[in-house]
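This report takes a brisk look at a surface patch, a ligand site and a set of aromatic rings. Keep the structure open while reading.

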Amino acid sequence: MLDKTPENGGGAIETDVVIIGAGPVGLFAVFELGLLDVKAHLVDILDKVGGQCAELYPEKPIYDIPGLPVVTGQELADQLMEQIKPFGATFHLGERIDGLSREGDRFRLVTDQGTTFMTKVVVIAAGGGSFTPKRPPLEGIETYEGKSVFYSVRKMAEFMDKDVIIVGGGDSALDWTLNLQPVAKSVTLVHRRDDFRGAPHSVEKMRQLVADGKMKLVIGQVTALHGNDGWLDAVTIKTKEGEERVAATAMMPFFGLTMKLGPIADWGLNLEENLIPVDTEKFETSEPGIFAIGDINTYPGKLKLILSGFHEAALMAQKAHQYVYPGKKVLFQYTTSSSNLQKKLGVR
Ligand SMILES: Cc1cc2nc3c(=O)[nH]c(=O)nc-3n(C[C@H](O)[C@H](O)[C@H](O)COP(=O)(O)OP(=O)(O)OC[C@H]3O[C@@H](n4cnc5c(N)ncnc54)[C@H](O)[C@@H]3O)c2cc1C
């Protein structure tokens, strides 16, 4: 059984369903729930929707989505967003669901930002787990995290008086270099070679800023952090010429993301090798009212494919409807012929 957490004194968002994870399967769940008049809030630790498709392979073609002979990861995410538009789901991006507990016949969910939900149903569509930034191998970096080492930016104004070191050569490093350059006291981009994986126009802009003397580019590696009590005052950068100590009051390393199960392990659900076992009739977990769909679940014959997740979402929605509207029957209808469904879709 799940633990009971203390009351938060109100302020919770009341909803029918909270979907944990805005990957392709979480997105399609909005559609299937919406057809049954079930309202959803989606939460994802990423600052964008689309899960693995958008984060790991946005430009790669997918060839096995029924009816779409070829679609890239990002296009699929965009098309799903278009398809679920009529249902007005609310998105909470850049937030991770940390706490999940039962309170009577509802569930309380709390994010790492303190957003609280009270919901009748929970749908875990968490894929391979939360996307988590890779930590650079620097001694003592943990003590600086959250004070002067950051893996994302919540408020740019917080960097106004900072000497910022940005580390990396991909789009995130370049985007934040360009965004923070006009705001921060100084910006230095550090990359181990003079070759960037990011978008060519961002590379060009960055090089222009360097040429104009508005920021620095250092080809090398950060090898040590210096400061006190989590507050950075300098970093050591190793270059071809040797080691250099550079003033720095904030550092942002962008070394990519890995997927970690994260807080799901603490919610008291049955787990099998970091996956959540479900039945194949409703895709419900060991806890009534909590469902698991997409890559996060396991059952005999499971295939970790997007199309399997879509099927699971459809069957989950039928059972979720019973928790939201107890005693009310679901009438089976086709979208092609039901005027009721077409009205919900805004096509009639
Ligand atoms: C390179 C590559 C190619 C692939 N090609 C194909 C293909 O051709 N065809 C195919 O069918 N499949 C393919 N896949 C697999 C496919 O991408 C996955 O099956 C699919 O993304 C699973 O969708 P999902 O919504 O279940 O999970 P995900 O896409 O993993 O999304 C889960 C989301 O949940 C979020 N999350 C997790 N925990 C929390 C939390 N506690 N709080 C907030 N957010 C949380 C994560 O940040 C993530 O964004 C491929 C995968 C890869 C890596």
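## Surface, ligand and rings

Leucine 303 is exposed, with a relative accessible area of 51%. The model is predicted. Leucine 303 sits in the loop between strand S20 (297–298) and helix H7 (306–324). Together, Leu303, Leu305 and Leu307 make a nonpolar surface patch of about 240 Å².

Now the ligand. There are 32 residues around it, and Asp44, Gln52, Tyr57, Asp295 and Ile306 come nearest.

| Residue | Distance from a polar side-chain atom to a ligand oxygen atom |
|---|---|
| Aspartate 44 | 2.7 Å |
| Aspartate 295 | 2.8 Å |

Taken alone, the ligand exposes 1,000 Å², and the protein buries 87% of that.

Next, the rings. The model has 7 aromatic pairs. One of them joins phenylalanine 28 and phenylalanine 31, which are stacked at 5.5 Å centre to centre with 15° between the planes. Both phenylalanine 28 and phenylalanine 31 are buried. They lie 3 residues apart in helix H1 (residues 24–35), so about one helical turn separates them.

Phenylalanine 28 also pairs with phenylalanine 310. This pair is tilted, with 4.8 Å centre to centre and 45° between the planes. It links distant parts of the chain: phenylalanine 28 belongs to helix H1 and phenylalanine 310 to helix H7, 282 residues apart. Phenylalanine 310 is buried, as is phenylalanine 28. Ring pairs link Phe28, Phe31, Phe87 and Phe310 into a cluster.

How values were computed
Residues are numbered from 1 along each chain as its sequence is written. This is a predicted model: local features need pLDDT of at least 70, side-chain atom pairs count only at pLDDT 80 or more; totals for chains, interfaces and linings use all residues. Side-chain values use heavy atoms; hydrogens and water are left out. Patches are made of residues with over 30% relative accessible area and no salt bridge: like charges are joined within 9 Å, nonpolar side chains (Val, Leu, Ile, Met, Phe, Trp, Tyr) within 5 Å. Accessible areas come from the Shrake-Rupley method with a 1.4 Å probe; for residues, only the protein chains shown count as cover. A salt bridge is a side-chain nitrogen of Lys or Arg within 4 Å of a carboxyl oxygen of Asp or Glu. Helices (H or I, at least four residues) and strands (E, at least two) are DSSP runs, numbered from the N terminus. Buried means under 20% relative accessible area, exposed over 50%, partly exposed in between (1.4 Å probe, protein chains only). A residue is near a molecule or strand if one of its heavy atoms lies within 4 Å of it. A polar contact is a pair of N or O atoms within 3.5 Å; within protein, one must be able to donate a hydrogen and the other to accept it, and residues adjacent in sequence count only if both atoms are side-chain atoms. Rings of Phe, Tyr and Trp (its six-membered ring) pair if their centres lie within 6.5 Å; planes under 30 degrees apart count as stacked, over 60 as edge-to-face and the rest as tilted.
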